[in-house]
Amino acid sequence: MFKRRKHSEEGTAFLIVGLGNPGPEYKLNRHNAGFMVLDELAAKLGESFRKVQNQALVCQARHGEARLILAKPRTYMNLSGQAVGALARFYKVPLERILVVYDDADLPFETLRLRPEGGAAGQKGMRSIIQQLGSQAIPRLRVGIGRPKGRMSTPAHVLQDFSKQEQDDLPFLLGRAVDAILCFVDEGIEAAMNQYNGGEG
């Protein structure tokens with residue numbers, strides 16, 4: 001009886017992780033797109049980040065029968081795996097129900113790209129998570145932030161704030177990313193890929 005009640009109260013658990021750098025000076029950086037998406041998701045579900053657990057800001061929300069654990073690691077980007085690994089173990093979330101959200105300068109601005117697995121492709125936060133979880137079979141949602149213009153380096157580009165025009169367009173991008181996450185929870189990674197991979201279509 002206890003197990004059945006616990007299941008009905010908690011539902012199927014998903015761990016949704018947004019990557020970024022903690023601190024107000026990074027708030028509007030392109031590299032903080034993962035944090036921005038998680039804030040938008042929490043707001044849509046009527047929650048906010050108040051709790052600190054395992055080196056992450058965490059909140060829990062309900063979506064249908066699913067229990068969502070939303071997490072924003074408070075470590076810097078390249079140590080994100082420390083928080084994610086600890087949370088995945090604590091909540092006993094299998095790899096296929098983890099989704100990591102982060103920026104990608106190789107994708108045009110406003111483009112989303114979901115994948116069920118793969119390497120880090122130079123993303124230090126994702127590399128840390130793969131190392132901590134011991135597998136590349138971790139679903140991820142990459143949020144396109146576009147390539148740097150002119151001779152600006154990619155590291156400098158991602159640590160700059162979104163431009164004024166991009167900030168005006170962010171609500172659309174963040175809303176679409178939230179819809180993609182909820183589709184992943186409801187229907188699985190393949191359905192979410194079919195509906196949301198690519199540009200605005």
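I take buried to mean under 20% relative accessible area, exposed over 50%, and partly exposed in between, with a 1.4 Å probe and protein chains only. I worked on a predicted model, where local features need pLDDT of at least 70, side-chain atom pairs count only at pLDDT 80 or more, and totals for chains, interfaces and linings use all residues. Residues are numbered from 1 along each chain as its sequence is written, and side-chain values use heavy atoms, with hydrogens and water left out.

**Entry 1. Backbone phi**

I looked up Glu110 and found a positive phi of about 80 degrees, although Glu110 is not a glycine. Glu110 lies in the loop between strand E5 (98-104) and strand E6 (112-115). Helices (H or I, at least four residues) and strands (E, at least two) are DSSP runs, numbered from the N terminus. With a relative accessible area of 13%, Glu110 is buried.

I then turned to Gln55, another residue other than glycine with a positive phi, here near 60 degrees. Gln55 is placed in the loop between strand E2 (51-53) and strand E3 (56-63). I noted a relative accessible area of 42% for Gln55, so this residue is partly exposed.

**Entry 2. Helices H3 and H4**

I examined how helix H3 (residues 80-91) packs on helix H4 (residues 124-133): the angle is about 40 degrees and the axes are 7 Å apart. Axes are lines fitted to C-alpha atoms, for helices over the stretch in contact, and angles run from 0 to 180 degrees between N-to-C directions. H3 is therefore oblique to H4; angles under 35 degrees count as roughly parallel, over 145 as roughly antiparallel, 65 to 115 as roughly perpendicular and the rest as oblique. H3 passes H4 in a right-handed crossing, a term for the near helix being turned clockwise from the far one by less than a right angle, with anticlockwise giving left-handed.

I listed the residues in contact (heavy atoms within 4.5 Å). From H3, Ser80, Gly81, Gln82, Val84, Gly85, Ala88 and Arg89 meet Gly125, Ser128, Ile129, Gln132 and Leu133 of H4. By class, this contact has 4 nonpolar, 7 polar and 1 charged residues. Ala, Val, Leu, Ile, Met, Phe, Trp, Tyr, Cys and Pro count as nonpolar, Asp, Glu, Lys and Arg as charged, and the others, Gly among them, as polar.

**Entry 3. Helices H6 and H7**

I found that the axes of helix H6 (residues 164-187) and helix H7 (residues 189-196) come within 7 Å and cross at roughly 150 degrees. H6 and H7 are therefore roughly antiparallel to each other. Arg176, Asp179, Ala180, Cys183, Phe184 and Glu187 of H6 make the contact with Ile189, Ala191, Ala192, Gln195 and Tyr196 of H7. I recorded 7 nonpolar, 1 polar and 3 charged residues in this contact.

I also looked up Asn194, which sits in helix H7. Asn194 is exposed at a relative accessible area of 66%. Its C-alpha atom is separated by 9.1 Å from that of Leu114, 80 residues apart along the chain.

**Entry 4. Aromatic pairs**

I noted 4 aromatic pairs in the structure. Rings of Phe, Tyr and Trp (its six-membered ring) pair if their centres lie within 6.5 Å; planes under 30 degrees apart count as stacked, over 60 as edge-to-face and the rest as tilted. Tyr26 and Tyr76 have ring centres 6.4 Å apart and planes at 80 degrees, so this pair is edge-to-face. Tyr26 is partly exposed at 22% relative accessible area, and Tyr76 is partly exposed at 44%.
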